[in-house]
Structures are given as C-alpha cells and as structure tokens.
Amino acid sequence: MLALLCAPLLRLTLPRPAIAVRMASSFVGPRQRLIEESLVRAFSPSHLEVINESHGRREDESHFKVVVVSEAFEGTRGLARHRAINAALLEDGELPFHSLSVGAAKTPSEWSESAEVRLSPKCAGGDGRGSLS
C-alpha cells in the first residue's frame, strides 16, 4: 500500500494496488473524475494528482494540473510523456476543457529522487476569465 502523503485524499478502487489522488479542493466534478479515470486507464500510475485550478468557482472545471507517476514513462523523454498525457485526455481531437498543466510526468524512481512540482503559469486568457489586463 502506498503511504498517503497529502490530504485530503481519494482512493480509487482499481484491480491493481490503490493509488492516491490528491485534490485541490473538496469539490470533485464530473470532468475531474473523467480526467482521473482516463489517466488511470492509460498509465496505471503509482501516484496521480488531478488539481482543479479553475478561476472563480471550482465547479467551472476549466483549468487542471496533473501529476502522473508511472512505469509507462520508462524510456521516454519529457515531451513524449506530456504528449501521451494530452493524448489520453483528448475528445474528438481536442481537450474538453480550457487548460492543462502537466506538473510532473515521472517514473517512480524519478519521483522518489524528486517530488517537486512547479507552480502552474498564470492563465493568459482564452476563455475571458483569466485574461491579462
């Protein structure tokens, strides 16, 4: 069983060992659940964080940050990992939300060396709510 490092946590019931999913708030909407399910299905991660960083109300579900730690990334470089994460979330060739930040896409050994996740850049607009003045 994985040590649970962050609170609050949600455990997903999977055929493989349970993984920890860290949430930025207590609200978990349908889009966030879909992101979690898609990433679990695609990568069988040992650690997964899906953080709703939406402007204003969390229920907007327009901006997300993900941290994915998976053996599936073994032998691939950073850009390929980010592309694979994006591909796992596409619907009809597009992301079904405004913004995706990949905070980290690491193998378990890389994650054990450094669990650093950088802050997401500030949104420069596109949906009218985060535009710069």
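## Contact between helix 1 and helix 2

In this predicted model, Ile35, Ser38, Leu39, Ala42 and Phe43 of helix 1 meet Ala84, Ile85, Ala88 and Leu89 of helix 2, a contact being heavy atoms within 4.5 Å. The residues of this contact comprise 8 nonpolar, 1 polar and no charged. Ala, Val, Leu, Ile, Met, Phe, Trp, Tyr, Cys and Pro count as nonpolar, Asp, Glu, Lys and Arg as charged, and the others, Gly among them, as polar.

## Fold and surface

The protein chain contains 3 helices and 5 strands, in the sequence order β-β-α-β-β-α-β-α. Helices are DSSP runs of H or I with at least four residues, and strands are E runs of at least two.

Of the 133 residues, 38% count as buried, that is, under 20% relative accessible area with a 1.4 Å probe. Among contacts with a separation of 6 or more, 55% are between residues 24 or more positions apart. The chain exposes about 7900 Å², of which carbon and sulfur atoms supply 51%.

## Basis of the values

Residues are numbered from 1 along each chain as its sequence is written, and side-chain values use heavy atoms, without hydrogens and water. Local features need pLDDT of at least 70 and side-chain atom pairs count only at pLDDT 80 or more, whereas totals for chains, interfaces and linings use all residues.

Note on methods: Buried < 20%, exposed > 50% of the residue type's maximum accessible area, 1.4 Å probe, protein only. Areas by Shrake-Rupley, 256 points an atom, 1.4 Å probe, with all protein chains shown as cover.
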